[in-house]
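Thanks for coming, everyone. I have one model to walk through today, so let me put it on the screen.

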Amino acid sequence: MRVLADVGRYDEALKELDAVTAREALDPLLVAADRGGLLHRAGAWEASSRALVQAGELADEHERVRLSEEFTGDIPWRMGALERQTLHTLNALNYLQLGRPEEAAVEARLTNALNLQRHLELRHHVTMERHLNAIPIDDELRPYLVQSAIGLYVSGLAHELAGNEDSSFIDYLAAWRITRSAPPGAPSRLTHLEPRLLAEARRLGRPELEELERLILAPESSAPADDAGDLVVVVEAGKLPERCVLQRWKEGRVWSVCPRPWPHGQARIEVASGSWDAETVTSLENLLLRRGALGVSTDTTRQPNLWARAGSVALFVLVPPLGGYLLLRTASERATQLEQGWLSLPSEFQVARLSLPSGRHTVRIRRSDHQETREVDIAPGRTQVLVVPMR
């Protein structure tokens, strides 16, 4: 399926997904997520949205802890924090391409909604730090590791298109702050947003203006021409890393994160009036590799239920054949879950924002390995969004 998708044969890739689903007992959440990701790559925005909504509902269902599943090891795959945030981001981009910014704003806000954020803080922050051998995470680094800058950026973009000026400013500012917290060497930037933040803070009378004037050295954006509009290009690049087993000298064989090969580099956006380099807002590859280096290879499953594990051990003592079977089943299921992941996601989200005269424009998106051409219509004073899925 992935081989077919990588060469752009999406219809055949979807047929392969259907065929393997019919043959094998695959987790329905992973199937729905892969289907939504493949349809998004194919530009089938409406069908992708339906599949991703289904995946979100299944992800909620899988979060319910059932003692029988914990006891027998028959535990469903649970979507990790980064995957869940990216699911909502992809779906928000689907809605933006469909011209439905209000729905995009609702979907994008789910990446950092209070109930999800509280869930992540309780489940993932503590779990992650338990894997660090008592070495705490630098609090200044935490936002970069656990929040989605691209999710907030897309939320700000959706609010901008829907006319919610203050909400747009708040989300843009939050995304910009996350990129500023990124550690040295992390490809996460939003410098193209800085002139806009300054201008909007002044126009809206925002209390954050003093902070922005102190931190931003870029000149304030000039007033656009009367017949100009903006084009925001979102480029999805590369392949998400996969979980793998590595041989380490002291620890033996351990689960870690291994990158998949892809031609790294920034996309370049060209129109007749000039060219712009896209900025990487979020690199899922960088996030996962940094977390892997900290000893956190996965955040997709809960810690084993203590009572279920104690029951299995007790059964092993009292009824060795049955207890041994349950323990082996649990260990096997755990290894399977560690292997699984939503590999139809891109490695990076890159963004460029251009101001263009009104009218039809030919836009070339140059990447290190190929070039794509799109036609866009720019209206005066309006913002147009162009999503370029991973290839």
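How many bridges join strand 4 to strand 8? Three, and the two strands run antiparallel. Strand 4 covers residues 268–271, and strand 8 covers residues 359–366. One thing before I go on: this is a predicted model. Please keep that in mind for every value I quote.

Now a closer look at that strand pair. Take Arg268. Its bridge partner in strand 8 is Arg366. Arg366 will come back in a minute.

Four strands make it up, in the order 5-4-8-9. The sheet is open, and the pairing is antiparallel. Which strands sit at the edges? Strand 5, residues 274–277, and strand 9, residues 371–378. Each of these pairs on one side only. On average, neighbouring strands here are turned by 25° against each other, with direction ignored.

Is Glu270 buried or exposed? Its relative accessibility is 19%, and the cut-off for buried is under 20%. So Glu270 counts as buried. What does Glu270 touch, once residues up to four places away in sequence are left out? The list is Ser275, Thr362, Val363, Arg364 and Arg366. Here is Arg366 again. The side chains of Glu270 and Arg366 are joined by a polar contact of 2.7 Å. In sequence, Glu270 and Arg366 are 96 residues apart. In space, their C-alpha atoms are 7.8 Å apart.

Arg84 is in helix 6, residues 81–97. Arg84 has 13% relative accessibility, so it counts as buried. Its side chain has a polar contact with the side chain of Asp60, at 3.1 Å.

Next, strand 6 and strand 7. Four bridges join them, and they run antiparallel. Strand 7 spans residues 348–357. Glu279 stands opposite Val351 in strand 7. Why is strand 6 described as largely enclosed by the rest of the structure? Because five of its five residues, 279–283, are buried.

On to the disulfide. How many are there by the distance rule? One. Cys244 and Cys258 form it, with sulfur atoms 1.8 Å apart. The torsion about the S-S bond is about 75°, so the disulfide is right-handed. Cys244 lies in strand 2, residues 242–248, and Cys258 lies in strand 3, residues 252–258. The pair therefore ties together parts that are 14 residues apart in sequence. Are these two cysteines buried or exposed? Cys244 is buried, at 13% relative accessible area. Cys258 is buried too, at 19%.

Now the helices around helix 12. Start in the loop between helix 11, residues 165–180, and helix 12, residues 194–204. Pro183 is found there. Pro183 is buried, with a relative accessible area of 13%. Pro183 and Leu145 are 38 residues apart along the chain. Their C-alpha atoms are separated by 9.8 Å.

Which residues of helix 12 itself are buried? Glu194, Pro195, Leu197, Leu198, Ala199, Glu200 and Ala201. What do they pack against? Helix 11 and helix 13, the latter at residues 209–215. After helix 12 comes Gly205. The phi of Gly205 is positive, near 65°.

Last, the whole chain. The chain has 16 helices and 10 strands. Of its 391 residues, 52% count as buried. Now take the contacts with a separation of 6 or more. Residues 24 or more positions apart account for 70% of them.

One is Glu270 and Arg366, with their 2.7 Å side-chain contact. Another is the disulfide between Cys244 and Cys258. Over to you for discussion.

Conventions. Residues numbered from 1 in each chain as written. Predicted model: local features only at pLDDT ≥ 70, side-chain atom pairs only at ≥ 80, totals over all residues. Heavy atoms only, no water. Pairing = 2+ DSSP bridges. Axes fitted to C-alpha atoms, helices over the stretch in contact; angles between N-to-C directions. Disulfide = S-S within 2.5 Å. Buried < 20%, exposed > 50% of the residue type's maximum accessible area, 1.4 Å probe, protein only. Contact = heavy atoms within 4.5 Å. Polar contact = N/O pair within 3.5 Å; in protein donor to acceptor, adjacent residues only side chain to side chain.
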